[in-house]
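Please keep the sequence and the 3D view open while reading.

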Amino acid sequence: MISSAFAAILASGRAQFNGRAAEARRRFPSLDMAAFGVFLHDGVDPLVAAVAAAAPERAGSVTLAAYDMALELVGHGLAGPAAKNPFLNTVWRELAPALAPLLATAPIEVLGMLSNAAIHVGGVAGARPSQWQRELAALAPQVATLAQLRAVGQVLAWRAGVAHFRQGALAAADTLPHELALAAFGEPGAHWPQVHAQLLDYPWRGNAEGREFGSFSGLGGDFGTPPQVRATPDGFVVRSAERHYLLVADAYGAVLHGATAEEYALAQTGVPAFVRVDGASVHIGARSIALDLPAGDIALAANAHTLAITSPWTHAIRLLPLA
């Protein structure tokens with residue numbers, strides 16, 4: 001059963017909605033109307049009901065916008081029970097209703113922004129889309145404008161593991177009211193300029209342990225052969241099985257992009273003087289970290305903030321903060 005508000009709007013505009021569905025079937029011959037019906041029930045009804053409760057005078061226009069967008073998303077196979085990215089269904093069902101006041105004023109923009117974000121965050125290997133959704137829903141009552149929604153969504157995507165968003169997310173956070181920026185980083189009551197400076201200067205803030213990235217492609221991982229790594233200012237260029245990648249990593253996550261052999265050749269192999277290997281341990285200044293690797297053939301590469309450790313005996317890259 002759908003909500004009474006949604007049922008009434010559909011009934012009052014039956015001819016209009018049927019016409020829109022017929023036009024969508026011409027544009028998307030493979031459109032599954034049964035799947036569309038499921039998405040109307042599971043994805044559209046909750047947000048229409050939320051808007052009807054918050055701003056009943058806007059429920060009709062929100063329904064029209066959501067109906068049209070739902071047709072397109074299901075037509076492209078992006079939403080509905082057989083969706084390529086099921087996370088988008090969850091975002092419409094659980095996150096969009098939390099933004100009902102903003103959704104009532106700009107339904108196309110809000111739903112477009114949420115859908116694009118769901119597709120992107122849900123498609124990044126290693127990202128944590130459920131964390132992004134949960135944290136954005138918690139902050140929804142504080143989000144007053146589309147610009148704030150865009151900025152908060154970008155910050156939370158970075159914190160949910162989309163590591164290459166770091167610089168853009170920090171710039172976006174600087175446009176927010178300080179209280180909202182601090183809430184997005186889970187640090188209410190702190191001093192925003194200080195937090196911002198620390199995040200900008202030190203990508204591993206809040207994560208002293210670093211992280212491990214990568215595994216054998218034959219088991220669903222990233223690398224066909226044990227990777228070799230060289231450093232760049234923003235990450236590491238990786239070579240594995242004649243393929244090249246750019247690895248971007250920080251306290252919140254690690255993301256792999258494509259790179260070229262030329263980029264690998266130009267990247268750096270050295271490490272600072274305070275970093276050394278002794279048997280199966282690596283020493284970073286006064287710190288000693290025991291490695292779960294055979295001694296010998298351990299390779300190091302470092303940029304200003306991160307040490308990458310590789311070995312011919314593993315398909316994983318160990319990443320350690322230098323500070």
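## Terms and basis

Two strands count as paired if DSSP finds at least two bridges between them. Helices (H or I, at least four residues) and strands (E, at least two) are DSSP runs, numbered from the N terminus.

The model is predicted, so local features need pLDDT of at least 70 and side-chain atom pairs count only at pLDDT 80 or more, while totals for chains, interfaces and linings use all residues. Residues are numbered from 1 along each chain as its sequence is written, and side-chain values use heavy atoms, with hydrogens and water left out.

## The β4–β5 hairpin

Strands β4 and β5 form a hairpin, with four residues between them. The two run antiparallel and are joined by five bridges; β5 covers residues 254–258. Tyr 245 has Gly 258 in β5 as its bridge partner.

Is Ser 240 buried or exposed? Ser 240 counts as buried because its relative accessibility is 2%, where buried means under 20% relative accessible area, exposed over 50% and partly exposed in between (1.4 Å probe, protein chains only). Leaving aside residues up to four places away in sequence, Ser 240 touches Phe 223, Gly 224, Thr 225, Pro 227 and Tyr 245; contact means heavy atoms within 4.5 Å.

## The loop between β3 and β4

Ala 241 is in the loop between β3 and β4 (243–249), and Glu 242 is placed in that loop too. Ala 241 has a positive phi of about 50° although it is not a glycine. Glu 242, also not a glycine, has a positive phi of about 65°. With a relative accessibility of 41%, Ala 241 counts as partly exposed, whereas Glu 242, at 71%, counts as exposed.

## The four-stranded sheet

An open sheet is formed by four strands in the order β1-β11-β10-β9, with antiparallel pairing. The edges are β1 (211–213) and β9 (299–302); each has a single partner strand, so one side of each is left without a neighbour in the sheet. From one strand to the next, the twist averages 25°, where angles run from 0 to 180 degrees between N-to-C directions and axes are lines fitted to C-alpha atoms, for helices over the stretch in contact.

Within this sheet, β10 (residues 306–310) and β11 (residues 317–321) pair in the antiparallel sense over four bridges. Thr 306 stands opposite Pro 321 in β11. Strands of a sheet pair through backbone hydrogen bonds, either parallel or antiparallel.

## Two packed helices

Two packed helices are described by the angle between their axes and the distance between the axes. Helix α7 (residues 107–123) packs with helix α9 (residues 146–159) at an angle of about 10°, and their axes are 11 Å apart. That makes α7 roughly parallel to α9. Angles under 35 degrees count as roughly parallel, over 145 as roughly antiparallel, 65 to 115 as roughly perpendicular and the rest as oblique.

On the α7 side the contact is made by Glu 109, Val 110, Met 113 and Val 121, and on the α9 side by Leu 146, Leu 149, Arg 150 and Ala 157. By class, this contact has six nonpolar, no polar and two charged residues. Here Ala, Val, Leu, Ile, Met, Phe, Trp, Tyr, Cys and Pro count as nonpolar, Asp, Glu, Lys and Arg as charged, and the others, Gly among them, as polar.

## The nonpolar cores

A nonpolar core is a set of buried Ala, Val, Leu, Ile, Met, Phe, Trp, Tyr and Cys residues joined through side-chain atoms within 4.5 Å. The largest one has 79 residues, and those with the most contacts inside it are Val 44, Leu 47, Trp 92, Leu 114, Trp 132 and Phe 185. Helix α3 (residues 33–54) gives the most to this core, with 10 residues. Not counting residues up to four places away in sequence, Leu 47 touches residues including Val 62, Trp 92 and Leu 111. A second, separate core of 16 residues includes Phe 223, Val 229, Val 238 and Ala 308.

Helix α5 (residues 87–95) is mostly covered, with seven of its nine residues buried. Trp 92 is one of these buried residues. The buried residues of α5 pack against α3, α4 (59–75), α7 and α8 (129–139).

## Phe 274

Phe 274 lies in the loop between α13 (261–266) and β6 (275–278). With a relative accessible area of 42%, Phe 274 is partly exposed. Not counting residues up to four places away in sequence, Phe 274 touches His 283, Ile 284, Gly 285 and Leu 322.
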